[in-house]
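Have the structure open and follow along.

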Amino acid sequence: MEKKRLYWRICCIAAIILSIITFTPLVIPQGVSTPELGGVPYSLWTSFIITVLLVVLTYIGTRVHPGMQNEEEDL
Amino acid sequence: MIFWVWVFGLIYAGLLVFASLKSYKKNRSSEEFMMAGSNIGLTLGVLTFAAALFSTFTFLGMPDFFRINGVAAWIFLAVSDGAMVFLLLWFGYHIRMKVKGMEFRGVAGLISRCYENRLAGYVFFLSSFLFLIPYVGIQIQGIAIFMDAAFPGSFPAWGWSAGIVLIMLIYSEIGGLKAIIFSDAIQGLLLLAVIWIIGWACLSHFGGIGPMFDKIGAVQEDLLSSPGPQGLLTPQFLLASLIAILMIPVTQPQFTTRIVVMKSMKTMQLMAVSLGAFAILVILPTIFIGMYGADLYSEYGRDEFFANAFLYDQPDAVAALAIIGLIAAGLSTTNAQIFALGSELRGLLRGNENSIMTKTKIGIFVFSVIAFFFSIIVIDQLVLLARVSFAGTGIMGPMIILGILSNRKISPAIIYLSLTGLIIFLLSLGGWIPDMYFGVRLDLILFIALGLAAVISHLTGIKRQLIRPKTETEN
C-alpha cells in the first residue's frame with residue numbers, strides 16, 4: 001500500500017512537471033520551429049510526446065492509485 | 001451528394017431511433033431516466049464522454065484554429081486534454097467516493113450538501129447556465145451554417161437550428177440519459193471515422209507529413225511555431241487554457257455525471273486512459289485539415305473555409321459523411337449539455353418526485369428554446385467561445401474541489417468569492433472592465449486567487465468531529 005502511495009505521488013509529480021515544462025521555452029520557444037523531427041516542427045513533436053506521456057502516466061496511475069484497492073466496490 | 005446525404009442520413013436516423021427505443025422503458029424510475037441506472041460500461045463510457053467533449057468545436061473549430069494560429073494549437077487542446085485525463089483519474093476517484101451510498105442528483109445538489117448551504121448549488125447552476133447555453137447555441141449555429149452551405153436556399157438557418165433542437169428534445173425525452181449515451185456511442189465513432197477520412201484526404205493533398213510542413217513553411221512560416229501569426233498562443237494564454245480545460249470534468253455537469261454513472265471505479269479509471277488515446281486520435285487529423293486550409297484558403301473567412309475543405313473539395317460520399325458527422329458531433333454535445341442542465345435543476349428542486357420530474361422536463365425544454373434563440377443571435381469563433389465556456393465554468397472549480405475533498409467544516413466565504421469571481425469575469429466579457437491586469441490575463445488571476453482562497457478555507461476550516469454512536473450500555 002505504501003509503495004503504491006509512493007508510485008502514485010511520483011506519477012502526480014511527473015504529470016505536473018510535464019504540464020509545466022510545456023509552457024517554457026523548452027517546448028515553445030517563441031518563433032522557433034527547429035529542430036524538426038521527420039519534418040514536424042519542434043513545438044509540435046515535443047508537445048505531441050508530452051501528450052502521449054501524460055496518457056501513459058494516466059495508465060500507470062490506474063495501476064498504482066492507492067484507491068484501486070477498493071476497485072471491486074461498485075456504487 | 002444529395003443521394004449520399006439521404007443514404008447516410010437514414011442510416012444515422014435509424015440508429016438514433018434504435019438507441020431511443022432500446023433505452024425506452026414504460027415504468028422507468030426518475031433515477032433510470034436521469035442517471036441511466038448508474039451502470040455504464042467501459043466502451044459506452046469512453047464514447048459518451050468523448051462525444052460530449054469533442055463537438056463541432058473539435059470538428060470545425062480546431063481545423064480553423066490550426067489554420068489561423070498554427071501548430072501550437074496542439075498544446076491548446078491536446079496537451080490540455082492529456083493533463084485533463086490524468087486529473088479525471090484523481091478527481092473521479094474522489095467524487096465517486098463522496099457520492100458512494102447516496103443518491104447522486106447532480107453537482108449542484110451535491111455541492112449544496114457538501115457546504116450545507118444551498119447558495120453553493122445555486123451559484124454552480126448559475127455558472128453552468130450562463131456558460132453552457134451560449135456554447136450550445138453556437139454549436140447549433142455551426143451546424144446550421146454548414147447545412148446552409150450544403151443545401152443553399154432550402155431552409156433559412158433558423159429552420160435548420162429549430163430542426164436540430166427538435167430532434168434533440170424528442171430522443172432525450174423518449175430514452176433519457178441512456179438514449180443520449182447510446183447515441184453518443186454512435187456519434188463518437190462516426191465523428192472519429194469522418195474526421196480521419198477528411199484529414200487523410202487533406203494530408204494526401206500534400207503527399208505526406210514532411211512535405212505538408214515544408215509547404216506551410218514556405219507559405220506562412222509563423223504557423224510552425226508559437227505564438228502563431230496572430231500572436232494569440234502565448235505561454236500565458238496556453239496556461240490559462242490548460243487550467244480551464246483541466247476543470248472541465250469538475251465543473252461541467254455533463255462530464256461529472258458521466259464519471260458518476262460509470263459502472264465501477266475500475267471502469268471509470270480505464271475510461272480516463274481510453275479518453276486520452278481518443279483525444280490524440282481525434283485531434284491529430286484536425287492538424288491536416290487546418291494546414292490544408294492554410295495552404296489553399298488562408299485568405300478566406302471561416303464559413304468559406306468550412307464549405308470548401310469539408311464539402312466542395314471532397315468526393316460526394318465523403319462530403320455527405322461530413323454533413324452527417326457534423327450533425328452527430330453537434331447533436332451529441334448539445335444534448336449532453338442541455339440534459340445536464342436539466343439534471344442540475346432536478347438536484348436543486350424539492351418536493352414530490354413526479355412533480356420534480358415534470359419541472360425538470362419543462363426545464364430541459366426551456367433551456368433548449370433559449371439555446372435555439374442564442375444560435376440565431378450569437379456570432380463568434382467556435383474555439384474562442386468554447387474556451388470562454390470552459391473558463392467561465394472553471395471559475396467554480398476551486399469551490400467544487402474544496403467541497404468534495406475537504407473533511408472540514410468550511411466557511412461559506414469561498415461560495416461568495418466564487419460568485420464574485422463569476423461576476424468579475426462576466427463584467428470583463430461585457431467589456432466593462434479590462435481583461436488584463438499588470439500584463440496578466442484576468443481568467444488566470446481568478447483561477448489563482450480562487451485556488452488560494454480554497455487552500456486557505458481548508459486550512460482554517462474546523463475539523464469535523466466524528467461522533468461515535470453510543471452503545472446500549474452507555475445509554
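Start with B:Phe59, B:Phe305, B:Phe306 and B:Phe310, which form one aromatic cluster. Here, rings of Phe, Tyr and Trp (its six-membered ring) pair if their centres lie within 6.5 Å; planes under 30 degrees apart count as stacked, over 60 as edge-to-face and the rest as tilted. This is a predicted model, where local features need pLDDT of at least 70 and side-chain atom pairs count only at pLDDT 80 or more, while totals for chains, interfaces and linings use all residues. Residues are numbered from 1 along each chain as its sequence is written, chains are lettered from A and ligands numbered from 1 in the order in which they are written, and side-chain values use heavy atoms, with hydrogens and water left out.

Over all chains, you'll find 20 aromatic pairs. Take A:Trp8 and B:Phe86: their ring centres are 5.5 Å apart and their planes sit at 15°, so this pair is stacked. A:Trp8 belongs to helix α1 (residues 2-21) of chain A and B:Phe86 to helix α5 (residues 73-99) of chain B, so the pair joins two chains. (Helices are DSSP runs of H or I with at least four residues, numbered from the N terminus.) Both A:Trp8 and B:Phe86 are buried, meaning under 20% relative accessible area with a 1.4 Å probe, protein chains only.

Now for a tilted pair: B:Phe125 and B:Phe367, at 6.1 Å centre to centre with 50° between the planes. This one links distant parts of the chain, with B:Phe125 in helix α7 (residues 118-150) and B:Phe367 in helix α16 (residues 353-377) of chain B, 242 residues apart. B:Phe125 and B:Phe367 are both buried.

A pocket is an open set of points on a 1 Å grid over the protein atoms alone, where a 1.4 Å probe fits, with protein on both sides within 12 Å along at least five of seven lines; lining residues have an atom within 4 Å of a point. The largest pocket is lined by 35 residues, and A:Ile16, B:Leu87, B:Trp90, B:Leu246 and B:Met247 lie nearest its centre. Which helix gives the most to this lining? That's α1(A), with 8 residues.

The second largest pocket has 26 lining residues, with B:Gly9, B:Tyr12, B:Ala13, B:Ile167 and B:Ile327 nearest its centre. Its largest share, 10 residues, comes from α1(B).

Definitions and conventions. Buried means under 20% relative accessible area, exposed over 50%, partly exposed in between (1.4 Å probe, protein chains only).
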